[in-house]
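Please look over the model shown below, with attention to its strand pairing, its helix packing and the confidence of the prediction.

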Amino acid sequence: MKGDIRALNGEEDASRREDSIITNGACSDQSSYSKDAPSPPILEAISTPETRGRRSSSRLSKREVSSLLSYTQDLTGEGDDMEDGDGDRADTPVMPKLFRETRTRSESPSSLRRRSSSMGTPWSSPASPYLTVDLTEDDVLPQTSSTPYFCMVQDSQLESLESPKVDGEGGDVDDVEYQDGKEFRIGDLVWGKIKGFSWWPAMVVSWKVTSKRQAMAGMRWVQWFGDGKFSEVSADKLVSLGLFSQHFNLPTFNKLVSYRKAMYYALEKARSRAGKTFPGSPGDSLEDQLKNMLEWAHGGFKPNGIEGLKPNDKSENKGRRRTSDEPSTSDNSVPPKRLKTNCNNSRRENDQSREQMVSDVTDNKTTLEDNCLSCGRKNPVFFHPLFEGGLCKTCQDRFQELFYMYDDDGYQSYCTVCCEGRELLLCSNTNCCRCFCVDCLEVLVGPGTAEEAKLQEPWSCYMCMPQRCHGVLRRRKDWNTRLQSFFNSDMNAEFEAPEVYPAIPAAERRPIRVLSLFDGIATGYLVLKDLGFKVETYVASEVCEESIAVGTVKHEGVIKYVNDVRNITKRDIDEWGPFDLVIGGSPCNDLSNVNPARKGLYEGTGRLFFEYYHLLNFARPKEGDKRPFFWMFENVVAMKVDDKRDISRFLSCNPVMIDAVKVSAAHRARYFWGNLPGMNRPVIASKNDKLELQDCLEFNRTAKLKKVQTITTKSNSIRQGKNQLFPVVMNGKEDVLWCTELERIFGFPVHYTDVSNMGRGARQKLLGRSWSVPVIRHLFAPLKDYFACE
């Protein structure tokens with residue numbers, strides 16, 4: 001198909017076996033902190049989507065109501081040892097959470113819009129061993145749910161998702177696929193087992209659905225219930241869903257919300273195939289429906305048993321459908337990006353609201369600024385940062401959580417206009433990471449716009465096109481400053497301005513004393529020395545041995561390392577201090593929306609923020625001590641709004657959002673909390689900053705684009721654009737970024753991470769977890785008015 005259309009949340013190329021481990025997410029720091037608060041890495045065999053973290057609870061929060069599709073870490077496990085950086089753990093292995101609670105108006109495969117009038121009713125049977133699951137939401141408007149979710153393609157939807165043309169017409173895909181003598185064919189409902197994780201329900205699918213390669217002999221592509229993501233799993237590690245009682249994990253079901261959600265969708269699929277109905281009324285809560293399903297499953301799926309779980313018709317086994325103008329894909333070629341829906345049934349209601357808004361704007365009955373551009377509601381609470389129009393509270397929260405989320409192809413995970421979208425069109429500009437959903441184009445620009453865009457190659461998005469009106473979609477002239485203001489404003493939490501210390505006369509300035517928590521590769525010390533500060537003391541807490549090696553070697557043993565932040569006491573602070581500056585950024589893998597296994601601020605590594613918080617309070621000057629005292633805390637932008645607000649509440653200030661793309665050759669948006677002078681001032685590049693990729697390359701190497709997307713710990717984050725190409729050409733061949741080039745992109749000296757015989761992958765992981773040097777230089781520069789310099 002000529003138009004490049006991306007399904008929501010594209011997946012990375014599968015390059016490892018099912019037992020290999022790869023962290024997933026922009027901030028996938030799996031350090032020794034995970035021993036006590038594990039957030040296990042994601043197996044490549046489980047190509048998971050993003051998920052929102054939350055404390056485990058016996059009842060869902062209101063924000064989790066609409067996202068009834070997820071996997072989560074199985075705290076009860078099966079007994080296999082987790083293969084993370086720590087080796088053995090006391091906790092049992094877990095399944096990564098394949099769910100991200102976001103904010104799309106979405107629907108389930110089976111009337112998930114049904115709500116009861118109360119906050120949920122416990123299951124009636126007192127003998128039931130299952131916990132009450134609160135899947136209701138009583139304060140959300142009927143036409144809007146608070147989160148998107150990614151559901152398995154339903155039997156009936158396979159016929160209507162795309163054009164009637166089918167791969168392998170005249171014969172089933174199953175006739176030529178999975179002919180290796182192993183069990184399980186396309187459409188079979190199964191339990192899947194990955195080493196280190198519990199059994200999880202899935203469905204066997206064709207490789208053509210996955211947009212990847214064909215499965216290896218003895219392997220099966222499966223689609224996990226909860227999000228629709230795909231994994232290549234050994235057929236020997238699959239069993240029929242009909243063996244339900246042997247593989248269902250009751251303790252996990254009682255403890256973990258997402259396991260219950262996965263069970264709901266797996267059993268709903270089974271119920272639909274078996275033609276099973278359960279007694280009840282349309283107003284029954286979902287937990288009541290789930291209880292009936294579980295009793296049916298534990299009873300052997302009577303009356304038809306396992307036979308009743310097989311696909312109802314051949315349509316489910318025909319694999320990926322193509323549009324009529326899409327060329328056939330040979331078995332040896334990489335299939336094009338697929339056209340996939342998000343089971344977003346309620347979007348139609350909101351599109352009707354937006355259609356009315358468009359009509360009223362066209363007839364001059366209202367203005368765009370008086371309506372939410374994302375959902376059409378009136379009386380928005382905030383402005384849309386990029387286009388003329390407003391945002392309601394729900395859409396504003398969704399934007400703050402998801403706008404800076406990127407898929408493995410480097411493009412935004414969601415539509416630039418609404419931060420939702422079932423079908424996403426990618427901009428063809430190699431320096432643009434924007435995508436726009438079909439719904440927004442059809443409603444805001446005009447009917448037929450999406451189809452025209454699909455036929456255009458290249459297609460420039462509405463952020464790259466010349467400034468003009470497209471339907472009612474009008475890009476703001478000041479969108480750059482509006483975007484910065486959007487992320488730096490929080491009307492729900494106004495805090496007093498931090499204390500402003502008067503500048504210290506030059507003769508009275510003394511060397512700075514620093515406490516760096518979660519120090520990484522000593523970026524803070526490097527920047528202070530580059531700025532010419534005299535550093536009297538630099539105490540660093542770090543648990544990664546490779547990071548400690550870099551800091552020790554490159555700074556010649558000047559840094560005092562004190563290991564685990566959780567072992568530091570007030571007595572230690574008093575002994576090592578006093579300190580003038582406390583900096584740190586706790587591991588973000590349990591906070592970042594990009595990480596599907598995240599647990600949120602109060603669980604896993606997310607709660608390490610509180611280690612920073614109480615050590616910061618230990619280090620503050622005693623009452624009556626007027627000496628300047630500064631601090632800074634950093635974390636990802638793509639975090640849950642509630643987590644961001646809780647961090648702000650504890651630190652008593654709102655964060656500043658800074659994207660390193662303004663001072664470097666790579667995107668890297670981060671929140672910074674603190675009281676450093678001038679944190680809100682504009683970020684301006686210096687003459688030494690390398691602003692384009694070409695400036696960072698070695699001799700005889702040519703950059704294919706000016707900027708690269710966020711570089712993470714994952715090796716495939718180097719690939720760029722919708723075609724997932726390498727960003728560099730050398731001697732006529734594409735190539736990856738070399739380690740020295742990665743170091744220049746982050747602002748580090750060449751060979752800064754070249755210690756301890758570390759390979760390229762290990763060095764990229766260190767850089768992927770680090771701060772951008774030019775950004776930290778921007779933040780630390782005003783401290784020269786307070787502390788002595790060389």
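Strand S4 (residues 189-192) and strand S5 (residues 200-205) run antiparallel and are joined by four bridges. Within this pairing, Leu-189 has Met-203 of S5 as its bridge partner. Both strands belong to an open sheet of five strands, in the order S7-S6-S5-S4-S8, with antiparallel pairing. Strand S7 (230-234) and strand S8 (238-240) are the edge strands, each of which pairs on one side only, and from one strand to the next the twist averages 50°.

The protein chain has an average pLDDT of 74, and 69% of the residues score at least 70. Over residues 1-32, however, the pLDDT is below 50, although this stretch has 147 contacts in the model beyond near neighbours in sequence. Residues 34-174 likewise stay under 50 in pLDDT, and for them the model has 525 contacts beyond four places in sequence.

| Helix pair | Axis distance | Angle |
|---|---|---|
| H11 (residues 523-530) and H19 (residues 773-780) | 9 Å apart | about 60° |
| H7 (residues 393-402) and H15 (residues 641-651) | within 9 Å | roughly 80° |

For the pair H11 and H19, which pack at an angle of about 60°, the consequence is that H11 is oblique to H19, and the crossing of these two helices is right-handed. On the H11 side the contact is made by Thr-523, Gly-524, Leu-526, Val-527, Leu-528 and Asp-530, while H19 contributes Val-773, Ile-776, Arg-777 and Phe-780. Sorted by class, the contact of H11 with H19 holds six nonpolar, two polar and two charged residues.

For the pair H7 and H15, whose axes cross at roughly 80°, the angle makes H7 roughly perpendicular to H15. Here the contact is made by Lys-393, Asp-397, Gln-400 and Glu-401 of H7, together with Val-641, Lys-644 and Arg-645 of H15. What classes of residue make up the contact of H7 with H15? The residues divide into one nonpolar, one polar and five charged.

How values were computed
Residues numbered from 1 in each chain as written. Predicted model: local features only at pLDDT ≥ 70, side-chain atom pairs only at ≥ 80, totals over all residues. Heavy atoms only, no water. Axes fitted to C-alpha atoms, helices over the stretch in contact; angles between N-to-C directions. Parallel < 35°, antiparallel > 145°, perpendicular 65-115°, else oblique. Left-handed = near helix turned anticlockwise from the far one by under 90°. Contact = heavy atoms within 4.5 Å. Nonpolar A, V, L, I, M, F, W, Y, C, P; charged D, E, K, R; others polar. Pairing = 2+ DSSP bridges. pLDDT = per-residue confidence, 0-100.
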